[in-house]
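Here's a quick briefing to read alongside the model. Take a look at the chain and its ligand, then work through the points below.

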Amino acid sequence: MAVKLVAKPGEVEFPKGMEGVIASESKKSYVNGLEGKLYYEGIKIEDLAENSTFEETFFLLLYDRLPTADELEILRRRMVQYRTLPTEVYNLIETVSAGYLAQPMAVMRTAVSMTALFDEAAEEETELAYEREAIKITSRMATIVAAIDRVRRGLPILQPRADLSHAANFLYMMTGEEPDPFYAKVMDVILITHADHGCNASTFTSIVVASTLADMYSAVVGGISSLKGQLHGGANQRVMRMLDEIGSVENAIPWLEDAVAKRKKIMGFGHRVYKAMDPRAIILHEYAKEVTKRAGTERYLEMAEVIEKFMIEKLGRKGIWPNVDFFSGVVMSSMGIDSDLFTPIFAVSRVAGWTSHILEQHTDNRIYRPRFVYVGPATQEYVPMDKR
Ligand code: ACO
């Protein structure tokens, strides 16, 4: 039956927000929302978080298999080679980030876009070039975030260290100190657990851009823009804002009762696909216990646990459970990371998924071109300005 494409508002039924619509085939990750399970290329997220590194997980997503030791070393070296940014991009970050002038996700979006202007291979249209750009951009996103952080705190930007892992070097570029192995592991886990997640909004955005055969940078900038919103990657920052607003464990229940009665959305809860506990929230909850203990920020964790219990009791039946953003904020803020860097750090990780999906899109490309149901006015005459 032909779909009616011209109708009255509300007349044609369709899954709003494309809920349940299949966009494409993908080998990258599988989200089992009913059972609360997540796999990258068939491997459980729990196993990757425990045993893998960001570099290895990136290889897995890029090439659809785990690397040999030599292959991993080659990818590691390629990432190290690309860690430094063009001088003009450092200058941009210094200009706009000093004095906390610009929002970090906006700086990141602009910095990635600007990097393309100084990359002579950015417009090369071979699969080899796309793959190289995927590795280059993924490597550089961490440098961008660290530079933003340093400039805002009035500190000099640090050059990357070639001897450190992606996660450890990222922390080093922010703090100027080689991180304790525990914190390097925590950062690795944050990066691994956020790296991919099926057809999420930002990945979908990036493959829509890629499907037009636009360059890798444009597709990644699309992903960053989509992740920036508070319903997607921007939620983690708002979780911390909520914890600060609640202020104490004692105030958590009255605050929540009021918020739920007013039908407010509680940040860090709910998900389009998960109707059970997000497995990434369980992993990060475990790390939050040790990180808050070391940092002396147990009160954040206590508050978060009270909120979690209340929400599951109140709204779990409706399929509203903690998502990845709920505990990641507690972990990162206890590591001394500013809350407005949480979403950029999410992007430092998710770029692995975006670029992998972009390359996958190219293997069997067809431009994304859905339709709208037209519910506007019927044909009408153009009215000149002086007659309106
Ligand atoms: N708190 C309270 N109620 C909620 C929440 C929440 N966090 N999330 C959903 N609901 C309720 C809605 O009010 C709605 O109720 P109703 O049917 O009585 O009107 C119902 O659950 C369905 O909600 P939708 O917003 O329609 O669900 P959708 O699938 O469109 O949205 C989303 C999913 C955007 C994640 C939503 O749950 C939300 O806004 N959560 C808060 C923001 C957040 O944490 N985002 C991070 C998601 S994970 C990520 O992107 C990494």
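**The overall build**

The protein chain has 16 helices and three strands (helices are DSSP runs of H or I with at least four residues, strands are runs of E with at least two, and both are numbered from the N terminus). Its radius of gyration is 22 Å, close to the 21 Å that the globule rule gives for 388 residues, so the chain is as compact as a globular protein of that length. That radius is taken over C-alpha atoms, and the rule is 2.2 Å times the number of residues to the power 0.38.

This is a predicted model, where local features need pLDDT of at least 70 and side-chain atom pairs count only at pLDDT 80 or more, while totals for chains, interfaces and linings use all residues. Residues are numbered from 1 along each chain as its sequence is written, and side-chain values use heavy atoms, with hydrogens and water left out.

**Around the ligand**

- The ligand is surrounded by 20 residues, and the closest are Lys265, Ile266, Phe269, Arg272 and Lys318 (a residue counts if one of its heavy atoms lies within 4 Å).
- By class, that shell has nine nonpolar, five polar and six charged residues (nonpolar: Ala, Val, Leu, Ile, Met, Phe, Trp, Tyr, Cys and Pro; charged: Asp, Glu, Lys and Arg; polar: the others, Gly among them).
- A polar backbone atom of Phe269 sits 2.8 Å from a nitrogen atom of the ligand, and a polar backbone atom of Leu231 is 3.2 Å from a ligand nitrogen.
- Arg263 uses its side chain instead: one of its polar atoms there lies 2.9 Å from an oxygen atom of the ligand.

**The cavity**

- Searching the whole structure turns up one cavity of 30 Å³ or more (on a 1 Å grid over the protein atoms alone, a cavity is a set of points where a 1.4 Å probe fits but cannot get out, and lining residues have an atom within 4 Å of a point).
- The largest cavity holds about 40 Å³ of space (a volume is the space filled by probe spheres set on the points, which are joined across faces, edges and corners).
- Its lining is made of Val112, Thr115, Ile137, Arg140, Met141, Ile144 and Tyr217.
- Helix H5 (104-117) and helix H6 (127-152) are the elements that give two or more residues to this lining, and H6 gives the most, with four.
- Sorted by class, the lining has five nonpolar, one polar and one charged residues.

Note on methods
On a 1 Å grid over the protein atoms alone, a cavity is a set of points where a 1.4 Å probe fits but cannot get out, and a pocket is an open set with protein on both sides within 12 Å along at least five of seven lines; lining residues have an atom within 4 Å of a point. A polar contact is a pair of N or O atoms within 3.5 Å; within protein, one must be able to donate a hydrogen and the other to accept it, and residues adjacent in sequence count only if both atoms are side-chain atoms.
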